Amino acid sequence: MHFTRRRRLPCPERRQHPILKDAAAPAAPALGGRPGPTPLPAGGGTGRPPGPSPPLPCPPFPLPCPAAAHPAPRRGAERPRSAPPPPLLPEPRAWRGRAPALLATAAARPPPPAPAPPARKMLRLCLLAAHALRLAGAALLSPGSCPFEDSACGYEWDYAHLPWTLHGEGHYISVDTSYEGEKAVLSSPELYSEEWSCIRLIYQIATTSETSPNPTRLNLYLRQEGEIFDRLLWSAKEPSDSWLIASLDLMNSTKKYKILLEGEMGQDKSASIAVFEIKVTPGYCIECDFEENHLCGFVNRWNPNVNWFVGGGNIRNSQSVLPKDHTLNNELGHYMYVDSVYVKHFQEVAQLISPKTTAPMSGCLSFYYQLKQESSIVFTVYLRDTSGFYEEIWKTDSAQSADWALAEVDFNAPYPMEVIFEVAFNSAKGGYVALDDISFSPVYCSNETGTPFNPAKAGCNFEEDLCNFYQDHKDGPGWSRVKVKRNVYRAGDHTTGFGYYLLANTKFTSQPGYIGRLYGPTLPGNLQFCLRFYYALYGFFKMSGTLAVYIFEENHVVQEKIWSVLDSPKGVWTQAEISFKKPMPCKIVFVSWCKSFWDCGLVALDDISLSLEAASSSEYLSLPNPGECTFEKDECVFTQKKRGRGSWHRRRGPTPTSYTGPRGDHTTGVGYYMYIEASDMVYGQRAYLVSRSLSGTSGKQCLTFFYHMYGAGTGLLSVYLKKEGEDEEIPLWRRTGEQSISWLRGLIEYESDRNYQIIFEAIRGVSVRGDTAIDDILFQAGPCLEVEEIQFSSGYPDSLNEIEY
């Protein structure tokens with residue numbers, strides 16, 4: 001693969017990673033006039049201290065000759081005892097008229113005196129040795145990793161989009177708006193790993209516009225074997241004047257995969273995206289031995305007086321006597337430490353913050369630490385979620401640790417979390433704390449074989465039974481599990497349109513003062529939950545407060561109302577989302593209340609689900625499913641052959657014509673769907689909704705969707721598959737005429753080893769009461785797990801409007 005190369009000013013030596021650990025760096029002046037080390041950069045992941053960071057100069061001569069390089073040891077293997085090569089200073093990177101500042105030290109480096117002739121000869125030998133070691137190191141790169149030195153390491157850019165430019169002398173790859181286009185795509189070679197991996201990306205986004213409705217964005221996708229859609233793992237749009245680090249956990253899988261980098265250029269006419277390095281390593285992103293220059297993405301929360309510093313590397317720039325590192329067990333290895341020598345106030349606190357977890361993890365978190373104290377030191381480890389909630393998981397005792405001590409703590413991160421190592425001092429004579437070799441195992445530290453809480457056990461669609469929900473017998477038969485007999489005049493359940501759901505305040509129990517309670521299973525405390533469920537209201541009376549959700553503690557004494565229905569469209573399945581977190585174990589209770597004859601009605605409940613996240617979270621665990629289209633934002637991967645009155649329309653709420661079309665969408669009840677407006681079309685006119693080209697794969701695929709065909713003049717709805725290079729459209733599914741007033745689920749199982757398109761075709765029926773709608777389309781790899789239950793439109797006049805109990 002050939003990449004565009006651009007000539008730029010050379011710099012004598014190899015680049016440096018964004019966070020520097022320079023063994024030759026002099027101590028930076030600290031507050032109070034005392035010399036001190038340069039702290040790890042701060043800034044909530046930006047990795048830089050407050051204020052602008054100027055670009056660093058090219059390294060002065062002479063440079064230290066590096067020692068022999070060593071490949072990264074395998075997990076569990078014994079590490080080499082000799083030292084790694086000391087890092088060299090970076091060259092400036094003039095990029096699109098800017099020199100992005102590295103996440104670097106704030107220390108100025110005074111130029112040394114000019115070297116003597118023998119020193120210059122030695123320097124040339126050192127540079128040759130460094131070049132040879134760099135080439136040897138390139139050969140030892142793990143699959144999928146690339147420092148973008150002199151090649152793209154097998155990464156290829158998509159010729160259908162903007163080109164990536166490889167800067168061989170600057171050691172990065174970039175894309176900008178020099179060429180016209182919307183995006184650039186860079187794909188890795190085919191990769192395979194059955195173990196967990198960590199993808200670390202060092203990147204920068206530069207723009208001239210602070211705010212834009214369509215900002216420049218860098219996305220990272222995973223393309224798995226057998227999947228027709230790429231899965232979005234991570235996305236960033238914040239511009240910066242520094243190189244930034246993103247750490248992404250990749251769960252173990254038996255499928256081969258590729259990593260895709262996508263740069264979206266947005267509307268900025270002078271935007272650039274650069275990738276300095278991508279590295280794929282075995283293990284978890286939260287692990288770190290602090291030997292890498294980027295420190296695994298750990299950052300320091302800036303404090304004017306006390307901060308975490310990089311120790312080791314033969315540096316002696318602290319007034320305390322610091323230890324050898326634990327990893328290499330010598331003076332050249334690295335670790336993190338925080339010293340009390342600059343403490344000025346009572347309870348000065350230093351925090352070292354890990355990268356955020358990006359996949360559910362549970363097991364044993366371990367690390368080594370040393371603690372030397374002359375007065376009280378508090379060393380604590382916390383978990384912090386996306387809402388800023390802190391949970392203490394470990395605290396050291398008051399004993400002093402003269403040697404490296406192992407700490408182990410059970411760790412549970414079902415949603416994005418940061419691990420925070422916090423040290424609090426009481427005085428400037430407090431001592432120091434050192435930290436090294438953070439690791440993680442999916443097996444809990446304790447002998448107990450506890451399993452993480454499975455939120456699926458707290459959900460139910462009521463198709464088979466009540467799942468783990470129950471009712472108190474003293475309350476009476478409050479909630480009934482029912483199913484609507486097939487007809488087109490009464491709405492069915494939310495799951496499939498002709499399944500089971502729960503109904504309260506029925507004709508058997510609808511009386512003043514009635515209360516029905518539905519209890520859920522016990523939930524563990526101290527976790528962030530998101531509860532989702534669907535409800536529908538029927539009747540002509542006042543319905544406010546008819547349905548409420550309470551949280552009961554296990555003793556049923558302490559209770560709290562967390563949700564209550566106010567006013568909703570009648571006869572429409574509406575979604576409710578509630579986020580909550582309780583310190584103690586608790587239960588969810590659905591309460592239906594019939595206050596009086598004039599304040600009572602039918603309440604339906606279906607599809608209860610619970611997830612471990614905040615309901616409004618937009619973090620990694622809530623990234624959209626690429627194979628799902630709910631039409632809430634746009635038409636997703638679908639386009640139309642032609643647009644006009646006789647085409648598909650995106651709409652919310654009921655359709656304009658009475659006695660036809662849905663009252664609301666299937667996704668939330670108040671969202672969007674696609675439909676044809678029969679009054680704008682003539683009999684037999686067709687409307688096509690066509691997907692973009694989808695990747696062909698071996699094996700079965702499952703397509704699910706929801707359709708709405710209600711109205712006396714409803715026509716035809718069909719689904720076709722069209723393979724690339726063929727004119728024939730293969731029919732997969734068809735329904736004719738009026739089906740139900742409910743949204744019904746369609747299931748299609750198909751195969752295509754060639755690229756293909758899916759086509760939804762709607763044909764207008766005999767009258768204007770023939771609106772047809774679709775919603776919630778989902779593509780899934782593998783065969784369908786269920787068989788579609790076909791519902792015919794003949795109706796059942798003997799049991800019209802009846803409910804099965």
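Cys629 is buried, having a relative accessible area of 3%, where buried stands for under 20% relative accessible area, exposed for over 50% and partly exposed for what lies in between (1.4 Å probe, protein chains only). The structure is a predicted model, in which local features need pLDDT of at least 70 and side-chain atom pairs count only at pLDDT 80 or more, while totals for chains, interfaces and linings use all residues. Residues are numbered from 1 along each chain as its sequence is written, and side-chain values use heavy atoms, with hydrogens and water left out.

The partner of Cys629 is Cys636, to which a disulfide with an S to S distance of 2.1 Å joins it; a disulfide is here a pair of cysteine sulfur atoms within 2.5 Å. The torsion about the S-S bond of this pair is about 85°, and the disulfide of Cys629 and Cys636 is therefore right-handed. A search of the whole structure finds seven disulfides, and another of them links Cys460 to Cys467 at an S to S distance of 2.0 Å. The link of Cys460 and Cys467 is right-handed, with 70° about the S-S bond; Cys460 counts as buried at 4% relative accessibility, whereas Cys467, at 37%, counts as partly exposed.

A disulfide also joins Cys702 to Cys784, with 2.0 Å from S to S, and this link is right-handed, with 105° about the S-S bond. Because Cys702 lies in strand β38 (residues 697–709) and Cys784 in the loop between β43 (772–781) and β44 (803–804), the pair ties together parts that are 82 residues apart in sequence. Strands (E, at least two residues) and helices (H or I, at least four residues) are DSSP runs, numbered from the N terminus. Both cysteines of this pair are buried, Cys702 at 4% relative accessibility and Cys784 at 16%.

The protein chain as a whole has one helix and 44 strands. Of its 805 residues, 53% count as buried. Among contacts between residues at least 6 apart in sequence, 81% join residues at least 24 apart, a contact being a case of heavy atoms within 4.5 Å. The accessible surface of the protein chain comes to about 36100 Å², of which 53% belongs to carbon and sulfur atoms; accessible areas come from the Shrake-Rupley method with a 1.4 Å probe, and for residues only the protein chains shown count as cover.

Turning to the sheets, five strands in the order β4-β7-β12-β9-β10 form an open sheet with antiparallel pairing, two strands being paired if DSSP finds at least two bridges between them. Strands β4 (156–157) and β10 (231–236) stand at the edges with a single partner strand each, so one side of each is left without a neighbour in the sheet. Five bridges hold the antiparallel pairing of β10 with strand β9 (residues 217–224), in which Leu218 stands opposite Ala236 of β10.

Another open sheet of five strands has the order β34-β37-β42-β39-β40, again with antiparallel pairing. Its edge strands are β34 (638–640) and β40 (730–736), each of which pairs on one side only.

Strand β22 (residues 417–425) is mostly covered, since nine of its nine residues are buried. From this strand Met417, Val419, Phe421, Val423 and Phe425 point one way, and Glu418, Ile420, Glu422 and Ala424 the other way, and all are buried. Six bridges join β22 to strand β17 (residues 348–353) in the antiparallel sense, with Glu348 opposite Phe425, and nine bridges join β22 to strand β19 (residues 377–385), also antiparallel, with Ile420 as the bridge partner of Tyr382.

Phe421 is also among the residues with the most contacts inside the largest nonpolar core, which has 74 residues; the others named there are Trp308, Phe367, Phe379, Leu531, Phe533 and Phe590. A nonpolar core is a set of buried Ala, Val, Leu, Ile, Met, Phe, Trp, Tyr and Cys residues joined through side-chain atoms within 4.5 Å. A second, separate core of 36 residues includes Ala236, Ala246, Leu261 and Ala271.
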